[in-house]
Amino acid sequence: MVNEGPRSGGDREDAAALTGSLSERLVGAVRDDAAVSRRAVLGGLGLAGASAVGLSGGATASGDHDESPHGRAGVVGEFQSADFDPHEFLRTFETGTVQTENGQRVREFELDASLREIEIAPGVTFPAWTYDGQVPGPTLRAVEGELVRIRFTNGQEHPHTIHPHLKNVNPRMDGIPQNGPGVIEQGERFVYEWKAQPAGCHFYHCHSMPLKEHIHRGLYGTMIIDPDPERVRENPRDYVNYHGPMTDDLRAELVEEAELRNHEYRADEVDEMVMVMNGFDTNFDGDNEVYAANTRAFAYGVGSTDAENGEWEAGETVEPIRIRRDQRQRVYLINAVEFDPINSFHTHSQFFDYYDHGTTLMPTHKTVDTVMQCQAQRGIVELDYSDHQPGLYMFHAHQSEFAELGWMSFFEVQA
Ligand SMILES: [Cu+2]
């Protein structure tokens, strides 16, 4: 008998039950841990103290579900704050404004630093330091060879910077306390300028001291530099770790890959996503309590829903990432986790190609189902689900603990 495929309601209910039970366990643990630790820190404020820092809400199942202690299987706490949507963030790329100055293409962005309470698990908030009010900061996207100009304003009481993981030839622009303008104090502005090179998937973050706090609090984001197909045609060897003959066919293939990476050419033919793996130390003891891809624990899990065939209800905050079988998927993946030495990305029932740092147009890892990244390491994951039956396919950190504390997600392959 041919099996009936994974789209039966049972699979969705099971996935929702798993997501829900992990989410509730996480929220319960964080709430208890935070209440205890903060009572000690805040001198007997107890639950009132926890409430004052936004941790008293706990998991709140969406309104129409049974709250009985025995009837919560499959009930998933929904996120209450609508100020950040990881589903929207996933496919949002900021391309700034472009102008030409003395023959040089210049791409401008504005960023500010500010304090923001962000919701990291249903009902659990975290006092973040943010770029543009969000964690991760906006995904900035430019084209190789351009000048990237960032007008930065620090609107927060701590001194901050923006440090780019680019090949930056001007030390004044390195965004560290010791060089150029140094740290940018509250109310100050600075204009950073960087050459957009090399093409790839890159990281930006604050480099003020203590560095681990400024990163852990949320001051980081992704900067994508799209390869310039014309430059690839002229200098194909810059984009491959390959020493054989450069044939016309290979050159043409590399140029085509560059076009499929470049948002001004054909990148829209690929389903592009950004996943910043991050973690949050909610009681400030030097260990993370909550992990995620894109800040919200289990947001790409499976929610409890009556929806069928992947038609998730509007406003639902926990839902898998819907993908098409007839389209290539590309994930710009970065590890921003503080305190833990490595993070990883693992796909179930699937192998992918990986481009370490995204700087090559041929995979650096071919046909793998797990990659690991240290902090600031990043790369491009390319997936092909055309052979797969429709349904839910899990992916997660293969540090199992991270997965159980929030970094567990599903792709839902559409029929
Ligand atoms: Cu900072």
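**Close-up views of a predicted model**

**View 1. Helix H6 and its surroundings.** Helix H6, formed by residues 248–261, contains 14 residues and reaches 20 Å from its first C-alpha to its last, which is close to the 20 Å expected at 1.5 Å a residue. Leu 254, Val 255, Glu 257, Ala 258, Leu 260 and Arg 261 are the buried residues of H6. Among the elements that cover these buried residues are strand S9 (220–226) and helix H5 (229–234).

**View 2. The whole protein and the confidence of the prediction.** Seven helices and 20 strands make up the secondary structure of the protein. Of its 415 residues, 45% are buried. Among contacts with a separation of 6 or more, 70% are between residues 24 or more positions apart. The mean pLDDT is 88, and 86% of the residues reach 70 or more. Two stretches call for caution. Over residues 1–8, pLDDT stays under 50, and the model has nine contacts beyond four places in sequence for this stretch. Over residues 38–76, pLDDT also stays under 50, and here the model has 64 contacts beyond four places in sequence. Where pLDDT is low, the predicted coordinates should not be read in detail.

**View 3. The nonpolar cores.** The largest nonpolar core comprises 89 residues. The residues with the most contacts inside this core are Ile 120, Met 277, Val 290, Ala 297 and Trp 407. Leaving aside residues up to four places away in sequence, Trp 407 touches Met 277, Tyr 291, Ala 292, Ala 293, His 396, Ala 397 and Phe 402. A second core, separate and made of six residues, includes Val 232, Leu 254, Ala 258 and Leu 361.

**View 4. An open sheet of six strands.** The strands of this open sheet follow the order S11-S10-S13-S18-S15-S16, and their pairing is mixed. Which strands stand at the edges? Strand S11 (290–293) and strand S16 (365–368) do; each has a single partner strand, so one side of each is left without a neighbour in the sheet. From one strand to the next, the twist averages 20°. Strands of a sheet pair through backbone hydrogen bonds, either parallel or antiparallel. Within this sheet, strand S13 (residues 329–335) and strand S18 (residues 378–383) pair in the antiparallel sense over six bridges. In S18, Gly 379 is the bridge partner of Leu 333.

**View 5. Strand S19 and its two partners.** Strand S19, residues 391–396, is mostly covered, with six of its six residues buried. S19 pairs in the antiparallel sense with strand S14 (residues 342–347) over two bridges. Six bridges join S19 to strand S20 (residues 408–413), and these two strands run antiparallel. His 396 takes part on both sides: this residue is the bridge partner of His 346, and it stands opposite Met 408 in S20. His 396 is also one of the residues touched by Trp 407.

**View 6. Two cis peptide bonds.** Most residues other than glycine have a negative phi, and most peptide bonds are trans. Which residues does a cis peptide bond join, with omega about -5°? This bond joins Val 135 and Pro 136. Pro 136 lies in the loop between strand S3 (124–131) and strand S4 (140–143). The peptide bond from Gln 197 to Pro 198 is cis as well, with omega near -10°. Pro 198 is placed in the loop between strand S7 (189–195) and strand S8 (200–205).

**View 7. Two residues with positive phi.** Phe 298 is a residue other than glycine, yet its phi is positive, near 60°. Phe 298 is located in the loop between S11 and strand S12 (321–323). Is Phe 298 buried or exposed? Phe 298 counts as buried because it has 33 C-beta neighbours inside 10 Å, where 20 or more are required. Ala 376 likewise has a positive phi, near 80°, and is not glycine. Its place is in the loop between strand S17 (370–374) and S18. With 15 other C-beta atoms within 10 Å, Ala 376 is partly exposed.

Note on methods
Residues are numbered from 1 along each chain as its sequence is written. This is a predicted model: local features need pLDDT of at least 70, side-chain atom pairs count only at pLDDT 80 or more; totals for chains, interfaces and linings use all residues. A nonpolar core is a set of buried Ala, Val, Leu, Ile, Met, Phe, Trp, Tyr and Cys residues joined through C-beta atoms within 7 Å. A residue is buried if 20 or more other C-beta atoms lie within 10 Å of its own, exposed if 12 or fewer, and partly exposed in between; C-beta atoms are placed from the backbone. Two residues are in contact if their C-beta atoms, placed from the backbone, lie within 7 Å. Two strands pair if DSSP finds at least two bridges between them. Helices (H or I, at least four residues) and strands (E, at least two) are DSSP runs, numbered from the N terminus. Axes are lines fitted to C-alpha atoms, for helices over the stretch in contact, and angles run from 0 to 180 degrees between N-to-C directions. The expected span of a helix is 1.5 Å times one less than its number of residues. pLDDT is the predictor's confidence in each residue, from 0 to 100.
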